[in-house]
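I opened this notebook to record what I looked up in the structure.

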Amino acid sequence: MLTTNFLDFDFSNPFMNASGVHCMTTNELDELAASNAGAYIMKSATPAKREGNPEPRYFDVPLGSINSMGLPNLGFDYYLEYALKQQEKTSRPVFFSVAGMSVAENIAMLKKIEASDFKGVTELNLSCPNVPGKPQVAYDFELTDETLAQVFDFFTKPLGVKLPPYFDMAHFDQMAAILNKYPLSYVNAINSIGNGLYIDTDSDQVVIKPKEGFGGIGGEYVKPTALANVRAFYTRLKPEIKIIGTGGILTGQDAYEHLLCGATMLQVGTQLQKEGPAIFDRLQKELMAIMKEKGYKTIDEFRGKLKAIV
Ligand code: RRO
């Protein structure tokens, strides 16, 4: 049984797409809605439609992927309209990702969500690594604090934040202390590891065009960093703030590890891009096989129960 209670809703299973993958158009979103994913999230929206960076801007590599999409999306209104239409058909909440290019843009979009009939979950993406000249918000602790202070002045619907990976215990401590000040519903760890470089030595060339080949890394490469971030926040955040684990989930085993670290929902990016929405059937089968072998009937029996060596 993979049923997962998250923000007072029972999802049939914890698996979702990671924002950005298979969720830009209503066509792709309809495919996710029809798949066996427990839930799905839409592409991060900006107030107006954006073309994003020049192509090629996404490249699959043997151990993962590199991308510098640059936030291409069809604009806030497109996604709001889709979500409002979907919620008429099902009680399962839609996840709405917003990624403004400034605090003012984020506040403007969140005010529209607050004022609308949207009944789903909102994810504030503070970690896009790919917009030239715009550093990731969540690497600026003061800006993150200031943004959340402004948001929670008026926002009352369920809200989570998408974080970039952190690599230092002091940063886990500092970011957790900021997040714990607010009535956040969840944190989603991690976004891609920003500004990696993949090289093709047949051509001695980079593989994506924007930013001279620098881009966000996902897939197998990032699992240990993702697990560390899930665990670090699970052990530091107040229990009301749940964790979505994202990064390096290719198999049921990877999913099991994220859950052991404390994740409640699980998002799949690179491997969904490689395999398509049928991946959700495979992941569920593989996770259930592991649980059966270990004698677990529900995820709650082992969530967060990672052991230290004593
Ligand atoms: O669109 C992108 O370039 C992008 C975004 Br907004 C993000 O949050 N993470 C990522 O790897 N790419």
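I first noted a nonpolar surface patch of about 320 Å², made by L197, I199, V206 and F214. Patch residues have over 30% relative accessible area and no salt bridge, with nonpolar side chains (Val, Leu, Ile, Met, Phe, Trp, Tyr) joined within 5 Å. Accessible areas come from the Shrake-Rupley method with a 1.4 Å probe, and only the protein chains shown count as cover for residues.

I recorded the basis: this is a predicted model, in which local features need pLDDT of at least 70 and side-chain atom pairs count only at pLDDT 80 or more, while totals for chains, interfaces and linings use all residues. Residues are numbered from 1 along each chain as its sequence is written, and side-chain values use heavy atoms, with hydrogens and water left out.

I placed L197 in strand β10 (residues 193-197); strands are DSSP runs of E, at least two residues, and helices are runs of H or I, at least four, numbered from the N terminus. L197 is partly exposed at 42% relative accessibility (buried is under 20%, exposed over 50%, partly exposed in between).

I then turned to N106 in helix α3 (residues 103-115), which is buried at 3%. Its side chain reaches the backbone nitrogen of G100 at 2.6 Å.

I counted ten salt bridges in the structure (side-chain nitrogen of Lys or Arg within 4 Å of a carboxyl oxygen of Asp or Glu). K181 and D145 form one at 2.8 Å, N to O. K181 lies in the loop between α5 and β9 and D145 in helix α4, so the pair ties together parts 36 residues apart in sequence.

Methods
Patch = residues over 30% accessible without salt bridge, like charges linked within 9 Å, V, L, I, M, F, W, Y side chains within 5 Å. Buried < 20%, exposed > 50% of the residue type's maximum accessible area, 1.4 Å probe, protein only. Polar contact = N/O pair within 3.5 Å; in protein donor to acceptor, adjacent residues only side chain to side chain.
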